[in-house]
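Have the structure open while you go through the points.

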Amino acid sequence: MKKVLLPLIIVLLAAALAACGGKEESKNDNTTEKPAEKDGLLEEVLANGVLNVGTEGTYAPFSFHDESGKLTGYDVEVTQEVAKRLGLEAKFFETQWDAIFAGLDSKRFDMIANQVGINEEREAKYEFSEPYTRSNSVLVIRADDDIAFDGMEGKKAAQTLTSNYGELAKENGAEIIKIDGFNQGVDLVISKRVDGTYNDKLSALDYLKQKPDAPIKIVEEEELSEENQSESAFLFRQGNEDLVEEVNKALDAMREDGTLKKISEKWFGEDVS
């Protein structure tokens, strides 16, 4: 009798274990089929009626304070027009350049509007809008110096650490002296604490427009083409393609009706968009 019961018990136990295993496998399958959650930022922005924007506020003529203390500039006006066309109010959060990406990552604001140059490293981590500015890089040096654009090997360059211009200075062999913004970099050039600073041509021209007696000069690349022009765009966290798409639609409409060109010519005397 015992010999008959033992095989029967073994068979029943095996069947029970198999059933448990099947249930667990079914549970795992259901888990993997769940779709990824969407960020939902566009819905949140539209519901609140506010687009939170990170910017420096010290980078003329793109984002700075005028004599009355009002935040203004090319990037500020373009952002405000984009927000208006989306039925939103643009709310600006002023942040130093080297902390601005951390502010975006921590969701302090929804996008960055501060002449953010498009490069592969940023494209791997963030979402860009379509470019709204195209310009060239320049080297700013003292007026009595003679340094070629690519002649900074072994010399000191005043740069923000996370900008495209900081990378350009490194590529040309310069020792980097950390700064918070362009104006500080020019001050260090004038005081002979550094040999030069790389930055956007438009920003350098605006500086000389505001301070025509400044003892500096602009050194440009010898060969200029569309390939070595820098492009700047709005920057977003990944997963917010729906918001990026709406911003791009607004930028496209601004190009078509001439608004972007008008803003550009107001600040630079020519269309840089």
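**Notes on the fold**

1. Of the 273 residues in the protein chain, 44% are buried (under 20% relative accessible area; exposed is over 50% and partly exposed in between, with a 1.4 Å probe and protein chains only). Bear in mind that this is a predicted model, where local features need pLDDT of at least 70 and side-chain atom pairs count only at pLDDT 80 or more, while totals for chains, interfaces and linings use all residues. Residues are numbered from 1 along each chain as its sequence is written, and side-chain values use heavy atoms, with hydrogens and water left out.

2. On the overall make-up: the protein chain has ten helices and 13 strands. These are DSSP runs numbered from the N terminus, with helices being H or I of at least four residues and strands E of at least two. Contacts here mean heavy atoms within 4.5 Å. If you take the contacts with a separation of 6 or more, 68% are between residues 24 or more positions apart.

3. Three strands sit in the order 11-8-12, with antiparallel pairing; two strands pair if DSSP finds at least two bridges between them. Strand 11 (197–200) and strand 12 (216–220) are the edges, each pairing on one side only. On average, neighbouring strands of this sheet are turned by 40° against each other, direction ignored. Angles in general run from 0 to 180 degrees between N-to-C directions, and axes are lines fitted to C-alpha atoms, for helices over the stretch in contact.

4. A closer look at one pairing in that sheet: strand 8 (residues 137–142) and strand 12 run antiparallel and are joined by five bridges. Opposite Val 138 you'll find Glu 220 in strand 12. Helix 6 lies across strand 8 and strand 11, and runs at about 140° to strand 11.

5. There is a parallel pair too: strand 9 (residues 156–159) and strand 10 (residues 175–178), with four bridges between them. Ala 157 has Ile 176 as its bridge partner in strand 10. From strand 9 the chain passes through helix 6 (residues 164–171) to strand 10, a right-handed β-α-β crossover. Right-handed means that, with the strands pointing away from the viewer, the path from the first strand over the helix to the second runs clockwise.

6. How do helix 3 and helix 9 sit relative to each other? Helix 3 (residues 74–85) packs on helix 9 (residues 241–256) at about 110°, with the axes 9 Å apart. The two are therefore roughly perpendicular (65 to 115 degrees; under 35 is roughly parallel, over 145 roughly antiparallel and the rest oblique). Helix 3 brings Val 78, Glu 81, Val 82 and Arg 85 to the contact, and helix 9 brings Val 247, Ala 250, Leu 251, Ala 253 and Met 254.

7. Some backbone spots to check. Ala 60 and Pro 61 are joined by a cis peptide bond, with omega about 0°, and Pro 61 is in the loop between strand 1 (50–55) and strand 2 (64–65). Lys 107, not a glycine, has a positive phi near 65°; this residue is exposed, at 56% relative accessible area. Gln 115 also has a positive phi, about 50°, without being a glycine, but Gln 115 lies in strand 5 and is buried at 8% relative accessibility.

8. Last, Ser 230 in strand 13 (residues 230–237). Is Ser 230 buried or exposed? Buried, with a relative accessible area of 17%. Leaving aside residues up to four places away in sequence, Ser 230 touches Thr 133, Arg 134, Ser 135, Asn 136, Tyr 165 and Asp 200.
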